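Take a look at the model below.

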Amino acid sequence: MDSINPTPLTARRAGPLQGRVRVPGDKSISHRALILGALAVGETAITGLLEGEDVHRTADAMRALGSEVERTADGLWRVRGVGVGGFVSPKATLDLGNSGTGCRLVIGAVAGNPVTASFDGDASLRKRPMGRVLEPLQRMGAKVIAVAEQGRLPLTIAGARDPMPIDYEPPVPSAQLKSAVLLAGLGAPGETTVLEAEATRDHTEKMLKHFGASIRVKPVGSHDRGRRIVLQGQPELEAAPVTVPADPSSAAFPLVAALLVPGSELVLEAVMTNPLRTGLYTTLREMGAQIETLETRSDGGEEIADLRVKAGPLKGVDVPADRAPSMIDEYPILAVAAAFAEGRTVMRGLSELRVKESDRLAATAEMLRVNGVDVEIQGDDLIVNGKGRAQGGGIVATHMDHRLAMSALMMGLASEQPVQADDTAFIATSFPDFTGLMRSLGADLS
């Protein structure tokens, strides 16, 4: 068992899921709003912030680095920034808990400041590689004082006193690597350039512009799939209000459950529909899913829409590897949908899933296997042979992985026998009151 006090939960078939709901705020936007608010001059007001454990850890880190961060009684968050280069050395280790995103982004932000900081996390985060993010930051002038074996936490870095701009090509498509370099580049004179072979989520670029940075983004490469991002360093970021939209990764769980549980119909409100985050929705529509886009609008450069979802039959599809960056967090729940589809679904190019909260590729396959689904891994591809139904009846080892736990429970709502997730304590890192929200829609979770 992965945690000292595991919290198992079982999902059972019940009636249709019905209702209109707004899932919590987007985690990626929430992390970035806190970090850029802390690096801006003035007070940034944030509404809709995801109040999960991961984001609270980032807020704590910003406080430890010298920024004032408070939550008012009405749920508004206020961040009084210290300006670019204004962080102070924290008195204690920055504990990022379970958050890989928060940890890598804060490491990048610290690397562009003349401060020394130590980083740590829970047992899951200590297993995740940090060497890839440290390499470009060292080129920019940061120094690694101490680091665990294989470039893992705990680690201590000394940020650069005089950061140097670099040209950087990430070895794998990763918004976290890109963002860490851009955040460090805020402290460097001249232009920091990131060249992506495959475009990844662009929230950092949009939010930098929202806070007043000079940043240019140009499509490059085959079919314009890549991006060249050029940041002018040493800007004076100005406080700017941020409204956090609903997280499309969190919306994925009730959305897929509504597709699978007969008779269901949901409206999901204010979901971010940034095209670099909606690979799952594209794939589900290819499978025949009834997902209707209702009212659309824009806020802070991000596209937002209400989505109506109705239950119906799905068919197997081939999911190309170049779609992975736009849905890297959604493969476990897509695998559940594939189990209930008719025919073969092939999800290609999933090597990045091996270094998530768990080896998410292997864990996703095992989640399906213990519930009677025909599944295999070939290289970095996940292959699900769907039969339009799933037996269920399994106990899923969640490995401290919130997305795996939620995916297993959504499977149990539609399978013939109940499905148990062995530990659900970590769901709160990204989706506070997940259980209460799903019960309000008619889910049987106990």
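## Where two helices meet

In this predicted model, four residues of α1 meet α3: H31, R32, I35 and L39. Their partners in α3 are T101, G102, L105, V106 and A109. By class, this contact has 5 nonpolar, 3 polar and 1 charged residues.

## How the helices are arranged

Two packed helices are described by the angle between their axes and the distance between the axes. Helix α1 spans residues 27–39, and helix α3 spans residues 100–111. They pack at an angle of about 20 degrees. Their axes lie 10 Å apart. Angles under 35 degrees count as roughly parallel, so α1 and α3 are roughly parallel to each other. The crossing of α1 past α3 is right-handed.

## The nonpolar cores

In soluble globular proteins, nonpolar side chains tend to be buried together. Here, the largest nonpolar core has 77 residues. The members that touch the most others are L255, L284, Y331, M347, L413, F434 and M438.

Now take L284. Not counting residues up to four places away in sequence, L284 touches L255, V256, L259, A289, I291, L334 and A337.

## A serine in a loop

S326 sits in the loop between β18 (318–319) and α10 (331–340). Is S326 buried or exposed? Its relative accessibility is 11%. Buried means under 20%, so S326 counts as buried.

What is S326 in contact with, leaving aside its neighbours within four places in sequence? The residues are P275, L276, R277, T278 and G279.

Conventions: Residues numbered from 1 in each chain as written. Predicted model: local features only at pLDDT ≥ 70, side-chain atom pairs only at ≥ 80, totals over all residues. Heavy atoms only, no water. Axes fitted to C-alpha atoms, helices over the stretch in contact; angles between N-to-C directions. Parallel < 35°, antiparallel > 145°, perpendicular 65-115°, else oblique. Left-handed = near helix turned anticlockwise from the far one by under 90°. Contact = heavy atoms within 4.5 Å. Nonpolar A, V, L, I, M, F, W, Y, C, P; charged D, E, K, R; others polar. Core = buried A, V, L, I, M, F, W, Y, C linked by side-chain atoms within 4.5 Å. Buried < 20%, exposed > 50% of the residue type's maximum accessible area, 1.4 Å probe, protein only.
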